[in-house]
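Please keep the picture open beside the text and find each residue as you read.

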Amino acid sequence: MSSASSSGRTADDPVLDQIGPALSRLRRRTPASAKDLSRNLVLNVIADAPGETTVGGLAAEMGVAQPVASRTVAACIEDGLLRRAASQSDGRRTVLELTEHGEAERRRFAAEQREAFHEITAAWTPQERLQFAHLLVRYGTDAATWSRRRAGGRD
């Protein structure tokens, strides 16, 4: 019999079962306040969106209720990180855009996260760091594609 059972699970289940908790720990260990984590998430979602982003779209991408996204957006607007604008494709819709300050904050968060990554992985070889970084970025890209596919299948 092969190492995979009829359910498709393999002998390396223990490490695979640790992925979710490990990703959760990564988020909790980020050297930032809870406010910064929320703002960073919002700024990255809007910057990474392939098109225009509404509050509803942001809520869906973040996996939160629209009122939660609305409060976070309001705080980001108040802090000068985001602005509301009329949609270029439908002037009746309001979309969210990063301000220059928002883009600067996004770069600052990324620099802090890179520094933390280097400190956390200080005992790793340069090749291990790059391999992990490439795979983590790939995972994030594939997760976004998977999430969009799943959302597209819902009515």
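1. Let's begin with Glu112, which is partly exposed at a relative accessible area of 28%. Here buried means under 20% relative accessible area, exposed means over 50%, and partly exposed is in between, with a 1.4 Å probe and protein chains only. Please remember that this is a predicted model, where local features need pLDDT of at least 70 and side-chain atom pairs count only at pLDDT 80 or more, while totals for chains, interfaces and linings use all residues. Residues are numbered from 1 along each chain as its sequence is written, and side-chain values use heavy atoms, leaving out hydrogens and water.

2. Which residue does Glu112 meet in a salt bridge? The partner is Arg108, at 2.5 Å from N to O. A salt bridge here is a side-chain nitrogen of Lys or Arg within 4 Å of a carboxyl oxygen of Asp or Glu. Glu112 and Arg108 are four residues apart in helix α6, so about one helical turn separates them. Helices are DSSP runs of H or I with at least four residues, strands are runs of E with at least two, and both are numbered from the N terminus.

3. Arg108 also has a salt bridge with Glu105, at 2.8 Å from N to O. This pair is three residues apart in helix α6, so the spacing is again about one helical turn.

4. Salt bridges link Arg39, Asp79, Glu105, Arg108 and Glu112, and the count for the model comes to 10 salt bridges. Another pair is Arg106 with Asp48, whose closest N and O atoms are 3.1 Å apart. This pair joins distant parts of the chain, since Arg106 is in helix α6 (residues 100–120) and Asp48 is in helix α3 (residues 34–48), 58 residues apart. Asp48 is exposed, with a relative accessible area of 54%.

5. Leu43 lies in helix α3 and is buried, at 0% relative accessibility. Setting aside neighbours within four places in sequence, Leu43 is in contact (heavy atoms within 4.5 Å) with several residues, including Glu105, Arg106 and Phe109.

6. Which residues of helix α4 (residues 55–62) are buried? They are Val55, Leu58, Ala59 and Met62. These residues cover an arc of only 100° around the axis, so they sit on the same side of α4; the arc is that of the directions from the helix axis to the C-beta atoms. After α4 comes Gly63, with a positive phi near 75°.

7. Arg129 is buried yet has no salt bridge, and the nearest side chain of opposite charge, Glu128, is 7.8 Å away. For charges, Lys and Arg count as positive and Asp and Glu as negative, with His and the chain ends not counted. Not counting residues up to four places away in sequence, Arg129 touches Phe117, His118, Thr121, Ala122 and Trp124.
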